[in-house]
Amino acid sequence: MTFKSHMDQALREARAAAERGEVPVGAVVVDPSGFVVAAAGNRTRELSDPTAHAEVLAIRAACGVLGSERLPGYDLYVTLEPCPMCASAISQARIARVYYGAADPKSGGVAQGPRVFAHPQSHHVPEVYDGIASEEAEALLKDFFASRRT
């Protein structure tokens, strides 16, 4: 089986989030056959919900489609390193693999900060692949925050 990245769709979700005034982060849940089950961008401001991160919304949508609280064998593509909250949700959902773009030295929870998957309390540890389309993901974030400062 040939690897096919779905980061392009996650980046589209991130750009759409930026257009809504949200921090540009996008996420996509993919089933074992490579079919995109759910996609989302950040909606924390729109929904007045601090948990409405792209990863959480995509996981919720995928679980709703499947009628299950778990997603074993599924992949998650996200444009930014998941924060601790999202990393915990990924573990609880039993996501098999996480592919992310930009590292998040300030708020990351996978390779930075608390490294959620390294804790013994993490019941499930997905495979993690970083740096997927990181330049484009980083540029989206930098441009978004630069436009807010001027």
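Tutor: First, a term: "buried" is under 20% relative accessible area, "exposed" over 50%, and "partly exposed" in between (1.4 Å probe, protein chains only). This is a predicted model, so local features need pLDDT of at least 70 and side-chain atom pairs 80 or more, while totals for chains, interfaces and linings use all residues. Residues are numbered from 1 along each chain as its sequence is written, and side-chain values use heavy atoms, leaving out hydrogens and water.

Student: Which exposed residues sit on the face of H5 turned away from its buried side?

Tutor: Ser-134, Ala-137, Leu-140, Leu-141 and Phe-144 are buried in H5. Seen down the axis, the buried residues fall within an arc of 135°, so they line one face; that arc uses directions from the helix axis to the C-beta atoms. The face turned away carries Glu-135, Lys-142, Asp-143 and Arg-149.

Student: How many disulfides does a search of the whole structure find?

Tutor: A disulfide here is a pair of cysteine sulfur atoms within 2.5 Å. The sulfur of Cys-86 is 3.7 Å from the closest one, in Cys-83, which is too far for a bond. For the whole structure, the search comes back with 0.

How values were computed
Helices (H or I, at least four residues) and strands (E, at least two) are DSSP runs, numbered from the N terminus.
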